[in-house]
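Hi everyone, thanks for making time for this one.

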Amino acid sequence: MKTILIIEDDELIRNNLLEILEFEGFRAIEAENGRIGVQKARAYHPDLVLCDVCMPELDGYGVLEELRSNVQTATMPVIFLTAKSDKSDVRQGMNSGADDYLIKPCSVSELLGAISSRLKKQAVLIERYTEQQQQATAAIRRGAMLDPLTHLPTRGLLYQHLHHLMASFAQFPSSRGIAILCLNLQRFHLINSGFGHIAGDIVLQMVANRLSKVVQANGFLARLNGDQFGIVLKDVAQEELGEFAQLLLDRVTLPCMIDGHEIRFHANVGMTWTDQPQGTPQDLLTQAETAQHWCQQPGLNRYRLYDTELDALEVERRLIEMDLTKAIERAEFQVHYQPQVDLQTGRVVGMESLVRWHHPVRGVVSPAKFIPIAEELGLIVPLGEWILTTACQHAKRWQILCMQPLRVSVNLSMRQFQQPNLPQRVEAILAETGLDPKLLTLELTESCVMHDVEATILTLKALKKLGIEISIDDFGTGYSSLNHLYQLPIDALKIDRSFVKQIRVSAGAIAISDAIISMAKGLKLHIVAEGIEDKEQLAFFRKRGCDAIQGFLYSPPISAIEMEALLLSDRRLHFASA
């Protein structure tokens, strides 16, 4: 039974309408004025409202405005009743949102016809709305299984596919098994921050397209999260996985040209394989993700097959992660220093500061273990600031003790460098420690300064205004654009130890080292070779005009106390006579 609300201040007309509607099988509710009518509309939620226009206190237009402004009553059909027949009055009512307009007195057939027509239209609207809601719900469900950016299946669909595959494999076992691969793009956030999120989205779409062409009908491809993709292969031998993974890496990491920019990146692939599927799809994907995590090495494309030893490494990593959050508060970190020696005088002219973690139970924890975890957790920023402050304090003390300028170099992580207030923080630390800005060098990796050159230049200029020097560390291992390099306000280059190690056996390492030195001299940059371990390496870089070296040949990284003793002894590096 349909409910109709009658809002009419004329009692005779109101009673007449009640009688007609009840006779026609409607449930009729009456209201003698607009205020009461609005209250009853909100209380009873009628299917339709018959409303007189001319009423004291709140007229029909006011009633309509009240109803349309409330979410619960906004869609109720409203038919105006009025003795006014002027077109302007009718237009005003319709413009206000009335669904129909009846001129009093009206016949019973006109009244019932208007009510019937409006209820039918309302039923159609409700049906259409319900259908749209059902379609929207279905679309949401489909969308939850399809990635909107790449149109690839999501993690949920990959689980479903793997579940069916494992079930069918159990019924029809084969010597060729099932493989799950997890591909992750290295440091993808640098693309977003350096080139913008639109460019980042395009890169992801291009990667998805490249993967689709490699996988094709031989496997199932899904986007697991932002920069991670999953692949399921069936009827594959374990010995085939290495070749397939390398093919993926070769295709995926081809440079992307977007808006005139050549965007380069690296990727890692973790894999697991089984010919006796057990556990859940989630278990297998977790194995692939664990393998992927443990083959990460910045600047390299690598793949790794899961084995049970990785579980122990993962547990160890989690324990380190928990301890790391408390290590700064417990003062478990120390700053060690590796001297830098002038290649003309043989005297120590500076040192690189290096953090060491002395765990109360584990002993010395390698920076290779805890630095990546600190970066992931965001702890690298407070840790890096503590290292900078401590190194400046030590350098200030040694300057006073030795009565000579000794430069201290401090490495900045990517996250530190991207802080908007970095110049202000460095300035505050210099003021707090009293160190002459000219004696501080901030070292940045090549990939750090090159991912967003324009922003990098602005930050470096702000740092240079403080009077400090800037050095690029591990030079030659990234993707520097030489036409950008000369624009950077830098003072020094450090030749990476990977080239130093190879100069006796690799003509390529010799050529690259010569090219870096020649370029640095042309740009009037200070040149430091790191990782010098023997006299042959020393002679090589001294002959080519490097300014300074650091490495185990002179001294490994040592504690602050040992560094102070070394400085006071004024131990020199002796060179072979020509």
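Let's begin at valine 38: leaving out residues up to four places away in sequence, valine 38 touches Leu58, Val63 and Glu66. One caution as you look at those contacts: this is a predicted model. Valine 38 has its place in helix α2. Is this valine buried or exposed? Valine 38 has a relative accessible area of 5%, and since the limit for buried is under 20%, valine 38 counts as buried.

Helix α2 covers residues 34–44 and lies across β1 and β2, running at about 145° to β2. Helix α3, residues 60–68, packs on the sheet as well, touching β1, β3 (48–52), β4 (78–82) and β5. The direction of α3 makes about 170° with that of β4.

So what is the strand order in that sheet? The sheet is open, has five strands and reads β2-β1-β3-β4-β5, with parallel pairing. At the edges stand β2 (27–31) and β5 (100–103); each has a single partner strand, so one side of each is left without a neighbour in the sheet. On average, neighbouring strands of this sheet are turned by 20° against each other, direction ignored. As a quick reminder, strands of a sheet pair through backbone hydrogen bonds, either parallel or antiparallel. Strand β1, residues 3–7, pairs with β2 in the parallel sense over five bridges. To find that pairing in the viewer, look for isoleucine 7, which stands opposite alanine 31 in β2.

How many of the eight residues of β11 are buried? Seven of them are, so strand β11 (residues 267–274) is mostly covered. β11 pairs with strand β6 (residues 177–185) in the antiparallel sense, over eight bridges. In that pairing, leucine 185 stands opposite alanine 267 of β11. β11 is also joined to strand β12 (residues 302–305), by four bridges, and these two run parallel. Here methionine 271 has leucine 305 in β12 as its bridge partner.

The side chains of arginine 176 and aspartate 235 meet in a salt bridge, at 3.2 Å from N to O. This pair links distant parts of the chain, 59 residues apart: arginine 176 is in the loop between α6 (155–171) and β6, while aspartate 235 is in strand β8 (residues 228–236). Arginine 176 is partly exposed at 30% relative accessibility, and aspartate 235 is partly exposed too, with a relative accessible area of 46%.

Then there is arginine 362, which forms a salt bridge with aspartate 323; the closest N and O atoms are 3.6 Å apart. Arginine 362 lies in the loop between β14 (348–359) and β15 (363–365), and aspartate 323 lies in helix α11, so the pair ties together parts that are 39 residues apart in sequence. Arginine 362 counts as partly exposed at 30% relative accessibility, and aspartate 323 is partly exposed at 22%.

While we have helix α11 on screen, look at its surface. Helix α11 spans residues 309–327 and holds methionine 322. Together with Val315 and Leu319, Met322 forms a nonpolar patch on the surface, and the three have about 270 Å² of accessible area together.

Another pair is arginine 425 with glutamate 385, whose closest N and O atoms are 2.6 Å apart. Arginine 425 is partly exposed, with a relative accessible area of 28%, and glutamate 385 is partly exposed at 24%.

Key: Residues numbered from 1 in each chain as written. Predicted model: local features only at pLDDT ≥ 70, side-chain atom pairs only at ≥ 80, totals over all residues. Heavy atoms only, no water. Pairing = 2+ DSSP bridges. Axes fitted to C-alpha atoms, helices over the stretch in contact; angles between N-to-C directions. Contact = heavy atoms within 4.5 Å. Patch = residues over 30% accessible without salt bridge, like charges linked within 9 Å, V, L, I, M, F, W, Y side chains within 5 Å. Areas by Shrake-Rupley, 256 points an atom, 1.4 Å probe, with all protein chains shown as cover. Salt bridge = Lys/Arg side-chain N within 4 Å of Asp/Glu carboxyl O. Buried < 20%, exposed > 50% of the residue type's maximum accessible area, 1.4 Å probe, protein only.
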